[in-house]
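This briefing is meant to be read with the sequence and the coordinates open side by side.

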Amino acid sequence: MVNKPYNISYLIVFFVAACISIAFYFFSWKIGGIDFSLFTCTYFFLVGSFFTFAFVYCMFSGVGSFGRILAKLGLVYITLCSTIIIFELFFRVIGFDFRRQEAQIMKVPPFYRMPDDPCGEVFFKRKGNLEWHGNVIMQQLNNLGYTIDTTEGEEVSVRYDKDGFRNEVELSDWEVAVAGDSFTELGYLSYTQLFTSVLSRYTGLRVKNLGVSCTGPLTQLCYLKFYGLSRSLKHGVIVFFEGNDITDLSEEYFLLKEYMERAQRPYRQIRKQSSFILAVYELLYERNKIKKTKLPIDAYYVSPNGKVPLTLYSLPLTSSAIPVSAHEGLDVFLREFQMLAQKHKFTPWLFYMPDRIGSITSI
Amino acid sequence: MIFPESVKKPVVNWKPTDLPLFISNKCAQFNINFVDLTPDLIREAESTTNMLYHAQVDSHLTAEGSCAVGKIMAKYLKRPEGDLDNR
């Protein structure tokens, strides 16, 4: 057989070896996950192919000490590949999450979590009865890998109601409902410090807070519709944040249109990372990560107490920069807001919340 | 505000945009009461030594800023309906 290069057995084994290499390549790339480095996979493929073919060659050539070394290396490589594949299959079958995402999410204060409880057509709210104790802002900074001296925020205890909103005093009826994003939720302040609580104290009206971070006007309107209506409702308020509500609106409107066309809503579920190969890759990558110790300084605000360094995260848009989808989305939002107010006989309000740069550049 | 040299031009040259006016006009079209909190917050920031927004780590309102917003909103919601002359 050795001396007959075109022998059919030789070709079959050659073909099997090629299949093993290609299968390994696809296994590490396709199943490994989209964020698995293509370079790493290609690297695996090339090295794997080389030794697999070398092994096959040596098995059938059977000549010389070099051939025997290559044959052994090939055998080691194939054993290693088989072991990795067995591990990979095992962890995928049992659905193990190498990123331990459920445990990781519990370390994130509710304020910084993406709302994931489906609500309305395509929107999301927080799950109910969440609680947190500690400095929300600094905890999240720590989660993001920062170890810096600056301190912002303070130790607080926050509690969310059964619907996932910041109402520590359960209300059965109210005169004002205020929906908004993170600027209304303010999940790092105590309940009494919320502007909705201040508003209640200054007006004597009962105020329901419907603020959830990572939401835009269409989601907030959905909150008003499902959680904001009451017998005594007089004012329905949406707090519009100039920093990102146009972008959020554009994304929400896109999802809403998709829903109208396909009747399919999005879901936000944890996608388990069960790939052993990717876990090893991430472990090696994480080890090389450097702890961040500085935040960028974009400006200094000259206050009566001295120069305060500022980090500017975004700049508000001009009206000419608003995308077409956001124009359409804004019309839909305002029309539905007006209709909801007419139907339930409350006064609709839109309070325009400036970004930090908008409120201090004039000073 | 003072800008370090490393900061890019769009930040240094940033001026308040026409977005509030644009949203205000849209609201008027649909009979939604519009209130821009910016002028009131600027007045509040001028009259206090406390920061109304967090400076570096976070960009949201401080407890003082939240209190200011609550008071400003109260001013509008306490008024008889439709009285928005002093927006």
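In chain B, N31(B) sits in the loop that runs between α2 and β1 (33-36). The model under discussion is a predicted one, and every value below should be read with that in mind. N31(B) has a phi near 55 degrees, a positive value in a residue that is not glycine, and with a relative accessibility of 56% N31(B) counts as exposed.

**Backbone and loop positions**

- Most residues other than glycine have a negative phi, which is the background against which the next position may be read.
- The position of A263(A) is in the loop of chain A between α9 (245-262) and α10 (276-287), and at a relative accessibility of 59% A263(A) counts as exposed.
- S59(B), which belongs to the loop between α3 and α4 of chain B, is by contrast buried, because its relative accessible area of 18% falls under the 20% limit.
- Leaving aside residues up to four places away in sequence, S59(B) touches F183(A), Y313(A) and R356(A) in chain A, together with Y53(B) and H54(B) in chain B.

**Helix packing between the chains**

- Helix α11 (residues 324-344) of chain A packs on helix α2 (residues 19-29) of chain B, with the axes 10 Å apart and an angle of about 45 degrees between them.
- The two helices α11(A) and α2(B) are therefore oblique to each other, and their crossing is right-handed.
- From α11(A) the contact draws on H327(A), L330(A), D331(A) and L334(A), while α2(B) contributes F22(B), I23(B), K26(B) and C27(B).
- Sorted by class, this contact of α11(A) with α2(B) comprises five nonpolar residues, one polar residue and two charged residues.

**Helix packing within chain B**

- Helix α3 (residues 38-46) and helix α4 (residues 63-77) of chain B have axes that come within 10 Å and cross at roughly 130 degrees, an angle that makes α3(B) oblique to α4(B).
- The crossing of α3(B) and α4(B) is right-handed.
- On the α3(B) side, D40(B), L41(B) and E44(B) take part, and they meet A68(B), V69(B), I72(B), K75(B) and Y76(B) of α4(B).
- By class, the contact of α3(B) with α4(B) has five nonpolar and three charged residues, with no polar residue.

**Chain B as a whole**

- Chain B has four helices and one strand, which follow one another along the sequence in the pattern α-α-β-α-α.
- Of the 87 residues in chain B, 52% are buried.
- Among contacts in chain B with a separation of 6 or more, 31% are between residues 24 or more positions apart.
- The accessible surface of chain B is about 4400 Å², and carbon and sulfur atoms account for 48% of it.

**Chain A as a whole**

- Chain A contains twelve helices and ten strands, and 49% of its 363 residues are buried.
- When contacts in chain A between residues at least 6 apart in sequence are considered, 71% join residues at least 24 apart.
- Chain A exposes about 19000 Å², with 61% of that area supplied by carbon and sulfur atoms.

Key:
Residues are numbered from 1 along each chain as its sequence is written. Chains are lettered from A and ligands numbered from 1 in the order in which they are written. This is a predicted model: local features need pLDDT of at least 70, side-chain atom pairs count only at pLDDT 80 or more; totals for chains, interfaces and linings use all residues. Side-chain values use heavy atoms; hydrogens and water are left out. Buried means under 20% relative accessible area, exposed over 50%, partly exposed in between (1.4 Å probe, protein chains only). Contact means heavy atoms within 4.5 Å. Accessible areas come from the Shrake-Rupley method with a 1.4 Å probe; for residues, only the protein chains shown count as cover. Axes are lines fitted to C-alpha atoms, for helices over the stretch in contact, and angles run from 0 to 180 degrees between N-to-C directions. Angles under 35 degrees count as roughly parallel, over 145 as roughly antiparallel, 65 to 115 as roughly perpendicular and the rest as oblique. A crossing is left-handed if the near helix is turned anticlockwise from the far one by less than a right angle, and right-handed if clockwise. Ala, Val, Leu, Ile, Met, Phe, Trp, Tyr, Cys and Pro count as nonpolar, Asp, Glu, Lys and Arg as charged, and the others, Gly among them, as polar.
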